[in-house]
Every structure is written in C-alpha cells, then in structure tokens.
Amino acid sequence: MDFSAPVVTDHFYSKKVSDLHFRNLRLASPETPVFECAAKMAKEKVSCLFIGTSPDQIVGYVTDITLRDQLLAKQLSATIPVSEIMESDMVTISPKEYLVEALMLMFRTKSRYLLVEEKGNYVGWISRTKILTEQSQGPFMFIQSVKEARQIPELAEKWNRMPEIIHLLLSRGMKAGIVNQIITTVVDTIAQRVIERVFKEIGPAPAKFVFFVLGSEGRGELTLKTDQDNAIIYEDKANEHREEVRTYFLDFATRVSTALNEIGIVFCEGELMAMNPKWTHSLSHWKRNYESWIQDASQETAMNYATFFDCRAIYGENSLLENLKEYMDFQLQQAPEKFYINLGYNALQYEPPITFFRKIKTETIDGERQVNLKQIMRPIVDLARVYALKYRVFETNTNRRIELLRDKGVFSDKEAQELIHAFDYLMALRLENQSHLILEKKEKPKNFLIIDQITKVQSVTLLEIFKVIEEFQARIKLAFTRSL
C-alpha cells in the first residue's frame with residue numbers, strides 16, 4: 001500500500017459513531033425457524049439479523065457466515081429454531097465513540113458487527129465494511145493486510161513498516177492513545193497469526209487455554225520499542241495428563257516466542273514469557289500465584305509482580321482469564337492494607353527529573369544530555385494501577401483507568417484532565433522520538449530523549465508536566481501516610 005497518499009484525513013478521524021448512518025435493528029424471535037430468518041435477511045438485504053423479542057431484549061445474532069458455518073456445513077435442518085445456531089458474543093459501542101475506536105474494538109474482538117448502545121438501549125448496528133468504506137485506505141487497511149499475512153517473512157515485513165506508519169499518523173495529528181492502540185492491534189494480530197502457524201506445526205492443544213499479554217501490551221500502550229510479555233493459563237486436567245499438557249504448552253510457547261523474536265518483537269530480557277516455565281501454568285496454579293502476591297504484600301513482591309495486574313487475553317478461552325480475574329477481585333477485597341501501600345510506594349520511587357532551580361535534570365549518555373521518557377511516565381502508570389485495584393476498576397489502559405476513577409470521584413475533573421494530558425503528551429513525544437531514530441538515524445528505538453534536540457516550547461511543556469506529576473505524587477504521599 002502507498003503511504004505517500006493522504007492516508008489520514010481529518011474527516012475520518014474526527015467522525016464519531018453517531019455521525020455514521022448506522023442501520024436499524026432487524027429482529028427475529030429465538031423460536032423462529034432458520035429458513036424464515038434467512039428469508040428475512042434476503043428480503044431486507046442485510047447480512048446480520050439480531051435475535052430477541054424486542055430491541056432491549058437482544059440475546060444473539062446470526063450472519064451469512066453463521067448460516068454457512070453453523071447450519072449448512074453441519075447439514076442441519078433449516079427448520080430448527082434460530083436460537084440453536086445463533087451467536088451470542090455481542091459487542092456494543094456508544095454513539096459517542098470515534099469511528100477509529102469502533103474499528104479498533106472490532107479488530108480486538110474479531111467482530112464484524114457492533115451493536116450501538118445508548119443509555120442502556122440498543123439503537124442500531126454498524127458493520128466493519130461500512131466503517132472501512134468510510135475510511136477506504138490507511139492504517140486499518142494495513143491492519144487488515146496483517147490479518148491476511150501468514151508467512152514469518154511477510155509478518156516481519158509488516159512489522160518493519162510500522163515506524164513509517166506511526167510517523168505519518170503523528171505528523172497528521174492523531175492522538176497518541178489511538179496510535180498506541182494501532183501498534184497494539186498490529187502486535188496482537190501478528191501474535192495470533194504466529195499462534196495459528198504453530199498449531200499447524202505441532203497439532204491442536206490438548207486442553208483449553210488462553211494466551212495473554214502483560215505490561216504495556218496488556219494496557220494497550222505499546223510503542224515501537226517493545227518486547228514480549230506474555231503467559232499461558234490452561235485448564236486443570238486430571239493428574240495423569242498434567243505433565244503431558246504442560247510439556248505441550250511449553251513447547252508451543254517456545255515456538256511462538258521464537259517466531260515473534262524473528263519477526264522483530266523481541267524476547268523479554270527479564271524472561272517474562274510463556275516459554276519460561278514460571279509463566280505457563282494451570283488455572284489453579286495461577287490462582288495460588290495471585291493469592292500469594294496479594295497476601296505477601298511485600299515491597300519486593302509489589303515491584304516484581306505489579307505488571308501481572310495489567311493482563312489481557314489475545315488468543316484462546318477468554319473465560320479462563322476472566323475466571324482468574326474474578327478470583328483476583330476476591331483476593332483484592334481481602335488484601336492487607338500494606339499491599340496497596342507498597343504498590344504506591346513502589347510508584348513513588350520514580351520522581352520527575354527537575355533540579356532545585358526548576359530546570360530539567362538530565363543524565364549524560366554518549367556525550368548527550370538525555371531523559372528517560374518511559375521512566376518519567378511510570379509514576380502515572382503505577383499510581384493509576386494502584387488506585388484502580390483499590391477501587392475495583394478492572395480496565396487496564398492507564399487513561400481509561402483515570403477516567404473511570406474520576407467517574408467514581410477518586411480524582412477531580414481537573415486532576416484527571418491534567419494526568420491524561422500529561423500522559424498523552426509524553427507518549428506522543430516518545431513515539432515521535434522512536435520513529436525519528438528508526439527512520440532518520442537508522443538506529444534502534446529508545447526511550448531516551450536528547451534534551452538539546454527539543455524546542456523551547458517542548459522544554460517548557462515538559463517542565464509543566466513534571467510539576468503536575470510532582471503535585472500528584474505529593475498528594476499520594478499524604479494519602480499513603482493515612483493509608484489509601
């Protein structure tokens with residue numbers, strides 16, 4: 001695809017779901033015979049029919065593909081009730097969300113349709129095709145091309161094009177948070193293609209499992225300097241199969257991680273990967289892990305395992321991870337107060353680089369004055385996490401955590417706005433710097449920013465952001481002396 005073309009238009013990226021003419025709901029009751037549903041779809045010229053007694057009582061849906069895969073391919077009678085073949089994994093979106101976010105949601109959930117939900121009511125639906133027609137070209141068609149790639153060299157070529165795409169998106173004014181989502185979606189998609197290749201090599205899994213990601217990928221905050229942080233949960237099997245199942249998944253994980261490393265999504269230096277026997281376990285073993293980390297509540301544990309509270313499934317049985325999260329929620333409600341205190345103190349160790357004279361404090365690396373942007377952002381990430389866990393907010397994205405904590409009254413509107421603006425500005429600067437290093441200097445991406453190469457406006461903005469983080473930390477320190 002030619003990215004010299006105008007791939008990002010203000011028109012598309014400013015549009016919301018409400019600006020799109022989403023389609024009215026076509027309904028059939030669960031008892032309706034399948035052939036009647038197919039006839040209705042043909043008459044109405046729609047590829048999706050929702051199943052329910054009314055717009056606020058929708059229980060599922062059928063598509064052209066559902067009819068093919070669940071009826072024709074299985075040679076079932078067309079007279080059976082549609083409820084026997086309908087799909088129930090419905091995904092909803094608010095009309096206030098941007099079309100960009102709708103597309104990202106579709107790619108993440110592998111859904112071709114979204115129900116539009118407003119004030120608790122379903123008011124219509126939109127298709128992936130409809131949105132892609134609006135956009136017609138750009139990063140989402142690129143993501144689609146990644147989905148269609150199968151060979152390792154082809155996937156590596158796709159990943160190598162990301163700096164060019166990210167530089168272009170940022171230069172056109174796209175928000176850093178959406179750029180993060182695009183990088184994350186591409187990495188997720190590459191991992192899913194690799195997993196499917198490994199299954200072809202070694203055969204299907206001997207047990208239900210979920211491959212999940214942690215840290216920045218778990219938060220949907222990937223940059224161009226990314227490595228692997230992943231793990232596997234598999235279902236508990238009878239004792240006589242336990243070793244056989246474990247051996248399979250460790251081999252499986254090693255093949256997946258090796259292929260990802262070959263593509264350019266490199267091995268984790270700390271070996272936080274499913275190929276490490278420490279991070280591939282049965283569900284019951286994972287539950288014991290989380291219980292131990294929460295009940296131990298030491299500062300060392302908080303430092304070593306905090307990233308495991310930023311987890312997100314990308315392949316397999318999501319229910320296994322949801323089961324673990326429910327158990328984690330129960331443990332968090334029983335957690336000793338020092339668990340939250342140590343998570344918070346862990347975050348307070350990283351102070352903004354400001355000198356006594358309110359200048360930017362730097363460190364000299366290779367003769368250049370530099371600051372570590374990732375480390376500067378860390379207090380916002382860590383403190384959003386500790387408050388989210390304390391107040392039972394199970395979203396993993398940092399900005400979304402802050403928004404939900406604001407809705408709960410934990411942060412004021414001003415505090416939330418300042419934190420989100422600070423985080424987005426630092427993230428944009430980090431992404432721009434990384435793409436510049438790769439494209440212009442032909443160097444590997446770094447989290448360090450050379451201070452002498454930024455503008456005066458950027459320097460002043462950074463100082464103001466550092467003050468926001470300082471004030472936030474001061475408030476947290478006071479809160480921790482009284483407990484959160």
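Q: How do helix α8 and helix α18 cross, and how far apart are their axes?
A: In this predicted model, helix α8 (residues 162-171) and helix α18 (residues 413-439) have axes that come within 9 Å and cross at roughly 135°; axes are lines fitted to C-alpha atoms, for helices over the stretch in contact, with angles running from 0 to 180 degrees between N-to-C directions. Helices here are DSSP runs of H or I with at least four residues, and strands are runs of E with at least two, numbered from the N terminus.

Q: What do we call α8 and α18 at that angle, and why?
A: They are oblique to each other because of that angle, given that under 35 degrees counts as roughly parallel, over 145 as roughly antiparallel, 65 to 115 as roughly perpendicular and the rest as oblique. The crossing of α8 with α18 is left-handed, a term used if the near helix is turned anticlockwise from the far one by less than a right angle, with clockwise being right-handed.

Q: Which residues make the contact?
A: From α8 there are P163, E164, I166, H167 and L170, and from α18 there are A428, L431, E432, S435, I438 and L439, with contact meaning heavy atoms within 4.5 Å. By class, these are seven nonpolar, two polar and two charged residues, where Ala, Val, Leu, Ile, Met, Phe, Trp, Tyr, Cys and Pro count as nonpolar, Asp, Glu, Lys and Arg as charged, and the others, Gly among them, as polar.

Q: And what about α4 with α9, how are they arranged?
A: Helix α4 (residues 99-109) and helix α9 (residues 176-202) pack at an angle of about 20° with their axes 11 Å apart, and they are therefore roughly parallel to each other. Their contact is formed by V100, M104, F107 and R108 of α4 together with I178, Q181, I182 and T185 of α9, which divide into five nonpolar, two polar and one charged.

Q: Changing topic, what is the strand order in the sheet with β11?
A: That open sheet has three strands in the order β11-β12-β13 with antiparallel pairing, and two strands pair if DSSP finds at least two bridges between them. β11 (363-365) and β13 (448-450) are at the edges with a single partner strand each, so one side of each is left without a neighbour in the sheet.

Q: What should I keep in mind about numbering and cut-offs?
A: Residues are numbered from 1 along each chain as its sequence is written, and side-chain values use heavy atoms, leaving out hydrogens and water. Local features need pLDDT of at least 70 and side-chain atom pairs count only at pLDDT 80 or more, whereas totals for chains, interfaces and linings use all residues.
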